[in-house]
Amino acid sequence: MVPQKRRRKILPSPALPVDLLLEIVARSDLVTLIRCAAVCKPLRRDILSVSFVRRVTQHGGIVPPSVVAYLHTRPMRNRNRVMGPLVSLVHPAATPAASCFVDNSLAPYVLRRSLDLLRRFDPLASRGGLVLLRRRPNINRTRESEFDTDLCVFNPMTGDRTYLPGPRGGYWCHRYILLTAEDGVGCSFLLVAADVELYNRNGGCSIKVQTFRSSSTHWDRATSNGHRRLPSGNLEHGREGVVLGGNIVHWLLSDVNKILTYDIRKEWLGSVKLPPTNGVKSQRILGTSTDGRLRLLTAEIFMISAWLQVADGWVKEAVIDVEQNLRSLLPSMSPDCMWIAFERFGERSRVVLFRVCHGDDMLLRPKGRLAVLDLDTREMHLQESHPSLLLEIDMSQHLQGMKMFS
């Protein structure tokens, strides 16, 4: 008779205290944090609590509070024809947490999940971590879900995408405004298509607006509004509309000292007078302040002025001299006939991107680089520039928006 083997009694390993687990998570990285949040309900509840999210997203934490990145429309290839990343970090460039997240997590994920999408669509606008894409000309609709669709709302963080048809009247002549749930639209996104006519038959300005909700399957009925007393001018090319309060859109007008405004909820067209500037469109750009007010940046040679809109007009908030920082980054720079041309302004990150120009030539264009200035810290660095769209991601909001286990 074969003797039975004695079974060893396996004692359950002692559970680590929750405080110790949270301390380990807070000293790891973002990927580990998300994996730990999927272990069990109690740990997920503690990790996604407001106090813990605030701790890991503070300065020096494992999660950057916000990330500004480029979503490249046509990624570059190296000498071996190997495609570069679809996403590259813009700000904060010197933070290990931000670099680790973008280079090791977000960029590989987008390249793996969305390369085919970005080969067929071009980015148009972004807001709240969402990106609006438009189909490139002469691109066939290869999938059934893409039939009769010209636009796509894309989330690079999750890979989710919503295909939708273009607005009535053609989708090439419209200005698009993308609103998200945090703007109070009552759904995951609201897309506004505005056809602005600054020289109508009555000698004034008119706007025709169509909207598309994420919960809908078609564009809403178009609404029209006109104003005879608005000034003539042109909407500055390549500038996205700046949204305040989730419903008021602001566009800079070139050749005049005015801002064109449109209230989406009230369907009202208006204008705002700018502070005294030199009127050169490339030397001014709109953005927002941390408290949600309209901000205007103007530049004269190497002096950048920040204007803040108040109840009775504008107040000059700060004047920043960037000449010394530029000389350290560009030792061969000559001060003769130099000026700044703004490119992008991160609405929520307070980061402005600009080029340095010499006469009619852009000094940084041959090298394909932009100067990136943090308005809070006044720090500056150079950034490689390819055809791309500026993407701002609020990391603390994404963590707090993760679903709780029921």
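This is a short walk through the structure above, from the whole chain down to single residues. Keep in mind along the way that the model is predicted.

Let us start with the chain as a whole. The protein chain holds seven helices and 25 strands. Of its 406 residues, 49% are buried. Contacts also reach across the sequence: taking those between residues at least 6 apart, 48% join residues at least 24 apart.

Next, have a look at the second largest pocket. Rolling a probe the size of a water molecule over the atoms shows where empty space is left. The volume of this second largest pocket is about 580 Å³. Its lining is made up of 26 residues, and those nearest the centre of the pocket are His59, His91, Pro92, Thr95 and Asp374. Which strands each supply at least two residues of this lining? They are β23 (369-374) and β24 (380-384), and the largest share, three residues, comes from β23. Sorted by class, the lining has 10 nonpolar, 11 polar and five charged residues.

Pro92 is found in the loop between β2 (87-91) and α5.

Now move along to two serines. Ser305 is in strand β18, which spans residues 303-310. With a relative accessible area of 11%, Ser305 falls under the 20% cut-off and is therefore buried. Leaving out residues up to four places away in sequence, Ser305 touches Leu296, Leu297, Thr298, Lys316, Ala318 and Val319.

The other serine, Ser289, sits in the loop between β16 (284-288) and β17 (294-300). Is Ser289 buried or exposed? Ser289 is buried, because its relative accessible area is 7%. The side chain of Ser289 makes a polar contact with the side chain of Asp291, at 2.3 Å. Again not counting residues up to four places away in sequence, Ser289 touches Arg295 and Leu308.

Finally, here are two loop residues with backbone angles worth checking on your screen. Glu267 is not a glycine, although its phi is positive, about 55 degrees. Glu267 lies in the loop between β14 (258-263) and β15 (268-273). With a relative accessible area of 35%, Glu267 is partly exposed. Ile301, in the loop between β17 and β18, also has a positive phi in a residue other than glycine, near 60 degrees. Ile301 has a relative accessible area of 52% and is therefore exposed.

Terms used
Residues numbered from 1 in each chain as written. Predicted model: local features only at pLDDT ≥ 70, side-chain atom pairs only at ≥ 80, totals over all residues. Heavy atoms only, no water. 1 Å grid on protein atoms, 1.4 Å probe; cavity = no way out; pocket = protein on both sides within 12 Å on 5 of 7 lines; lining within 4 Å. Points joined across faces, edges and corners; volume = space filled by probe spheres on them. Helix = DSSP H or I, 4+ residues; strand = E, 2+ residues; numbered from the N terminus. Nonpolar A, V, L, I, M, F, W, Y, C, P; charged D, E, K, R; others polar. Buried < 20%, exposed > 50% of the residue type's maximum accessible area, 1.4 Å probe, protein only. Contact = heavy atoms within 4.5 Å. Polar contact = N/O pair within 3.5 Å; in protein donor to acceptor, adjacent residues only side chain to side chain.
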